[in-house]
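Subject: Structure handover, with notes on the ligand and the pockets

Dear colleague,

Please read them with the structure open beside you.

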Amino acid sequence: MYAFTFERPASLADAQRAAQAGGAKVLAGGQTLLASMKLRLANPETLVDLGGIPELAGVRREGNHVVIGAMTRHADVATNPDVKSALPALAELAAGIGDRQVRAMGTLGGSVANNDPAACYPAGVLALNATVQTTKRKIAADDFFQGMFTTALEEGELITAVSFPQAKRAAYIKFKQPASRFALIGVFVAQTDSGVRVAVTGGGNGVFRHAGLEQALAKNFTPEAAAAVKIDPSQYSSDLHGSAAYRANLVSVLTQRAVAKALGQ
Ligand SMILES: Cc1cc2nc3c(=O)[nH]c(=O)nc-3n(C[C@H](O)[C@H](O)[C@H](O)COP(=O)(O)OP(=O)(O)OC[C@H]3O[C@@H](n4cnc5c(N)ncnc54)[C@H](O)[C@@H]3O)c2cc1C
């Protein structure tokens, strides 16, 4: 590790000011950022720790939405009574992230801002048609994720919360990469009054929606309808953990299981 300045603002306004300075980076739980700094893949001049800003953490209900603060740790999302009752699939997603230490420190905002192509939260945010709230604006999930480790966030723009509309039915199932516990493939299925959204993570260049599965499940929300959709392997990445054909097959199988789970079968 090399020398840097550490700031711990107590208000969002101060954090925003500090984050806008050249060479600054915000620190959430440090689960990705500190490892990147140790490897010298990131070398911020100033680290702006968001851990001292109380309004960035916590869960609140707003009508039929659940709003989760950016600094809310995965372990707190997993056990929060409002998330568990309104969006049990999201609570389960959080409970399945990494290991106990990662869940104790990792945050919703850090995960979404980082947009790791195998991360779980981006699938939940996209499938549930959530809105990312920032210090500047509100960004629809469809516009937020822009490919591997890339989002719509501008320099110095901070995520403050993510607002999730309640779904009629939803479920997330991932096939874990056994070493990291990230998703080799993860599928989040959500049925709402306006249709069905299916988000796939771990497949390639970042989280994406699967139009074929969405159309089939909008007509007939059953595992059989998902099974009838042909998944084109050419869309998927291939590496030492699994071939493109293996990943494509996982998308089919996990979608069928997620639909069955959402139906309580
Ligand atoms: C061993 C291990 C296993 C893991 N397994 C999983 C898994 O199974 N599933 C999964 O989804 N994830 C997994 N993760 C990722 C983990 O869930 C963290 O959320 C992720 O590493 C980001 O960490 P963090 O929240 O501590 O953010 P940090 O590492 O502190 O920050 C990450 C990036 O986001 C930026 N950032 C942070 N907060 C904000 C904000 N509010 N606004 C704007 N930018 C911000 C930072 O500047 C930085 O660039 C794993 C991580 C590890 C180390």
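The ligand is surrounded by 32 residues, the closest being Val26, Thr32, Leu33, Cys120 and Arg181, where a residue counts as near a molecule if one of its heavy atoms lies within 4 Å of it. Please bear in mind that this is a predicted model, in which local features need pLDDT of at least 70 and side-chain atom pairs count only at pLDDT 80 or more, while totals for chains, interfaces and linings use all residues. Residues are numbered from 1 along each chain as its sequence is written, and side-chain values use heavy atoms, with hydrogens and water left out.

By class, this shell holds 16 nonpolar, twelve polar and four charged residues (Ala, Val, Leu, Ile, Met, Phe, Trp, Tyr, Cys and Pro count as nonpolar, Asp, Glu, Lys and Arg as charged, and the others, Gly among them, as polar). Strand 2 (24-27) and helix 7 (108-114) each supply at least two residues of the shell, and helix 7 provides its largest share, four residues; helices (H or I, at least four residues) and strands (E, at least two) are DSSP runs, numbered from the N terminus.

Oxygen atoms of the ligand have polar partners in the protein (pairs of N or O atoms within 3.5 Å): a backbone N or O atom of Gln31 lies 2.9 Å from one such oxygen, a polar side-chain atom of Lys174 lies 2.9 Å from a ligand oxygen, and for a backbone N or O atom of Arg181 the distance to a ligand oxygen is 2.6 Å. Taken alone the ligand exposes 970 Å², of which the protein buries 89% (Shrake-Rupley method, 1.4 Å probe).

As for its location, the ligand sits in the largest pocket, meaning that more than half of its atoms lie within 2 Å of the pocket's grid points. A pocket here is an open set of points on a 1 Å grid over the protein atoms alone, where a 1.4 Å probe fits, with protein on both sides within 12 Å along at least five of seven lines, and lining residues have an atom within 4 Å of a point. About 1,400 Å³ of space lies in this pocket, and of its 49 lining residues Thr32, Gly110, Ser111, Ala113 and Asn114 lie nearest the centre. Helix 7 gives the most to that lining, with five residues.

The second largest pocket has a volume of about 200 Å³ and is lined by 15 residues.

Best wishes

Key
Polar contact = N/O pair within 3.5 Å; in protein donor to acceptor, adjacent residues only side chain to side chain. Points joined across faces, edges and corners; volume = space filled by probe spheres on them.
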